[in-house]
Amino acid sequence: MRTLVLASQSPARLGLLRQAGLAPEVIVSGVDEDALHAPTPGALAQVLAEAKAVAVAGRPEVAGAVVVGCDSVLDLDGRALGKPADAEEAVARWKAMRGRTGVLRTGHCVIDTVNGRRAAATAHTTVRFGEPTDAEVAAYVASGEPLHVAGAFTLDGRSAPFIDGIDGDPGNVIGLSLPLLRRLLRDGLGIAITDLWA
C-alpha cells in the first residue's frame with residue numbers, strides 16, 4: 001500500500017482525509033508563505049500548494065509516497081486574504097465580509113515521488129457571509145479560531161453560524177476538495193483513491 005503524506009499542518013485537512021478513509025502522515029513543508037506572490041488569489045493558492053508539495057516531496061523520508069499539498073485563500077473583491085495577522089485585523093476582516101459574498105480558493109498539488117509525476121488544480125467555492133453583530137464578531141475573534149485559518153473563518157467551527165450558505169464543495173472551504181483530489185490522483189498520477197484507503 002502506498003503511503004500518503006499531507007504537506008500541511010492543518011488539522012481540518014487531516015480530519016477530512018481521515019474521514020474519507022485515508023491515513024496520511026503529516027510533514028509540514030516549512031515554506032515561507034509570505035515570500036510567495038501571484039497575480040490573482042486563485043493563482044496564489046495554487047503557487048502555495050505546489051511549493052508545499054514540492055518542498056515535502058524532495059525529502060528523503062518520503063521516498064515512494066504520494067504527497068498532497070494544499071493552501072487556501074479567500075478571494076474578496078479580487079484580494080487574496082489568508083490568515084489575519086492579529087485580532088485587530090480579524091475584526092476588521094469580519095466587518096468587511098458581513099453580508100457579502102467571497103470565493104474560497106484552495107490550491108491542490110499531488111506528487112508521486114516514485115516517478116515524479118505531478119498534477120495540480122484549484123477548487124473554488126462561493127461563500128455567503130451572514131451579518132454577525134459587533135459583539136458576535138468580538139466573541140468569535142476572542143476565541144482565537146480566526147487567527148489560524150484562511151479568510152478568518154471556518155465552515156466547521158465557531159463561525160459556522162455566521163455563514164449563510166455556500167455554492168460548491170463544502171470540503172474545499174474546510175481546506176481540501178476530496179472530489180478534486182480524487183480526480184488529480186486518477187487523471188494525473190494514475191492512482192485510484194481507493195488504493196490509498198487505510
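First, a term. A pocket here is an open set of grid points where a 1.4 Å probe fits, with protein on both sides within 12 Å along at least five of seven lines. Keep in mind that this is a predicted model.

The largest pocket holds about 800 Å³ of space. Which elements give two or more residues to its lining? They are helix H1, residues 11-19, helix H2, residues 41-57, strand E3, residues 66-76, and helix H5, residues 170-174. In total, 33 residues line the largest pocket. Nearest its centre lie Arg13, Lys83, His148, Val149 and Ala150. By type, the lining divides into 16 nonpolar, 10 polar and 7 charged residues.

Next, helix H2, one of the elements in that lining. H2 has 17 residues. From its first C-alpha to its last, H2 reaches 24 Å, close to the 24 Å expected at 1.5 Å a residue. Which residues of H2 are buried? Among them are Pro41, Gly42, Leu44, Ala45 and Gln46. Further along, Leu48, Ala49, Lys52, Ala53, Val56 and Ala57 are buried too. What do the buried residues of H2 pack against? Strands, namely E1 (4-6), E3, E4, E5 (101-112) and E6 (118-129).

Now look at the backbone. Asp77 is not a glycine, yet it has a positive phi of about 60°. Find Asp77 in the loop between E3 and strand E4, residues 79-81. Is Asp77 buried or exposed? It counts as exposed, because its relative accessibility is 59% and the cut-off for exposed is over 50%.

Ala152 has a positive phi as well, about 65°, and it is not a glycine either. Ala152 sits in the loop between helix H4, residues 134-142, and strand E7, residues 163-167. Its relative accessibility is 0%, so Ala152 counts as buried.

Ser159 counts as buried because its relative accessibility is 0%. What does its side chain meet? A polar atom of the Ser159 side chain lies 2.6 Å from the backbone oxygen of Thr154. Leaving aside neighbours within four places in sequence, Ser159 is in contact with Trp94, Tyr140, Glu145, Phe153 and Thr154.

Note on methods
Residues numbered from 1 in each chain as written. Predicted model: local features only at pLDDT ≥ 70, side-chain atom pairs only at ≥ 80, totals over all residues. Heavy atoms only, no water. 1 Å grid on protein atoms, 1.4 Å probe; cavity = no way out; pocket = protein on both sides within 12 Å on 5 of 7 lines; lining within 4 Å. Points joined across faces, edges and corners; volume = space filled by probe spheres on them. Helix = DSSP H or I, 4+ residues; strand = E, 2+ residues; numbered from the N terminus. Nonpolar A, V, L, I, M, F, W, Y, C, P; charged D, E, K, R; others polar. Buried < 20%, exposed > 50% of the residue type's maximum accessible area, 1.4 Å probe, protein only. Polar contact = N/O pair within 3.5 Å; in protein donor to acceptor, adjacent residues only side chain to side chain. Contact = heavy atoms within 4.5 Å. Expected span 1.5 Å × (residues − 1).
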